[in-house]
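Here is a briefing on one structure. Please look at the chain first, then read the notes.

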Amino acid sequence: HTHTPTHAPAPATTEGGGGGRARAEAAGAHAAASSEEEVVAGSATAVFGHEAAASAGGVGRLASARAPEPATVLALTASTLPKHVAEACALELRARLLGRVPIFADLSARTLALVGGRMELTHAQAGAVLVTQGAAADWMYVLVSGWCHVLVALAPAPALPVVVGAVRARSDTPFFGEQALFANGRRAASIVAATDCSLLALPKRHFGEVLGLVPDLRERFGRAKQAAQAATALVKDREAEAAALRHVAEMRAREAVSEAMGVGGRADAGARAGGATGSSSVSSRVAVRASQFVG
């Protein structure tokens, strides 16, 4: 089986006479569990790690590879790859990374290769400013790994931009910068890398060509954002409902305590006459009454 691209070389030994297998384990930045695929010696796809090694974008490994049994591995440095092989590997990597993005996942392999061939794979360190509010739009980006802050400078304090959102890899909306390209306008917000990031970047000069390859690109972006907004609104509604229920429970508990204490006040005379029995029974009623509402 083929493996997820950009795996680190598997541990190598001279045992086994050149056979063996490497197991690739890929885990997303926000995934709860990892996925595994195998690279088997002698198969047509026994090569791994070549796409990232051949890439000039500085992208880090997106998965790990380990040998669950003795295996012999021939390791090549990127500099030993012929130029045409390196270019083909880099193109394959961009196409595969693009195919992981939900809005592009249904495109054919040919279209992914054509679109990916017009993009550049780049890397940004945490803190890097990728987009500046008010600047002319010249690129759009798709996050491959990491996440970014979205900041907007407001009129009263333009020197103190406010964080208004985030863009995350492995989400339904891991892209930014497309709106200004569609409108041929200026950036509406700044984007700053919160972590080290790898990105696919599409220059403005190729944007029209990509629109020709994916005519409904604007609608794809729009549907993804609407779905994300609806999911966010649903979460907020549920949080508000839970907060309201907690408030009602707290109010009822306070009312129960007040009612019980009122009963206790009326029973004080009897408690004084009868000793500590009345006080003890009042405390018990308060505890039982309040426990009905607070859990």
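Predicted model: local features only at pLDDT ≥ 70, side-chain atom pairs only at ≥ 80, totals over all residues.

Residues are numbered from 1 along each chain as its sequence is written, and side-chain values use heavy atoms, without hydrogens and water.

**Sheet**
- Four strands form an open sheet in the order E4-E11-E6-E9, with antiparallel pairing.
- Strands E4 (120–124) and E9 (175–176) are at the edges; each has a single partner strand, so one side of each lacks a neighbour in the sheet.
- Six antiparallel bridges join E6 (residues 139–145) to E11 (residues 197–203); pairing requires at least two DSSP bridges between two strands.
- Tyr141 is opposite Ala201 in E11.
- Strands (E, at least two residues) and helices (H or I, at least four) are DSSP runs, numbered from the N terminus.

**Helices on the sheet**
- Helix H2 (residues 83–99) packs on the sheet and touches E4, E6 and E11. Its direction makes about 75 degrees with that of E4.
- Helix H5 (residues 204–213) lies across E4, E6 and E11, at about 80 degrees to E11.
- Angles run from 0 to 180 degrees between N-to-C directions, with axes fitted to C-alpha atoms, for helices over the stretch in contact (heavy atoms within 4.5 Å).

**Helix H6**
- Arg220 is in helix H6. Arg220 is buried, at 11% relative accessible area.
- Beyond neighbours within four places in sequence, Arg220 contacts Ile103, Phe104, Asp106, Leu107 and Val214.
- Gln226 also belongs to H6 (residues 217–274). Gln226 is exposed, at 54%.
- Buried means under 20% relative accessible area, exposed over 50%, and partly exposed in between (1.4 Å probe, protein chains only).
- Gln226 and Thr173 are 53 residues apart along the chain, with their C-alpha atoms separated by 9.9 Å.
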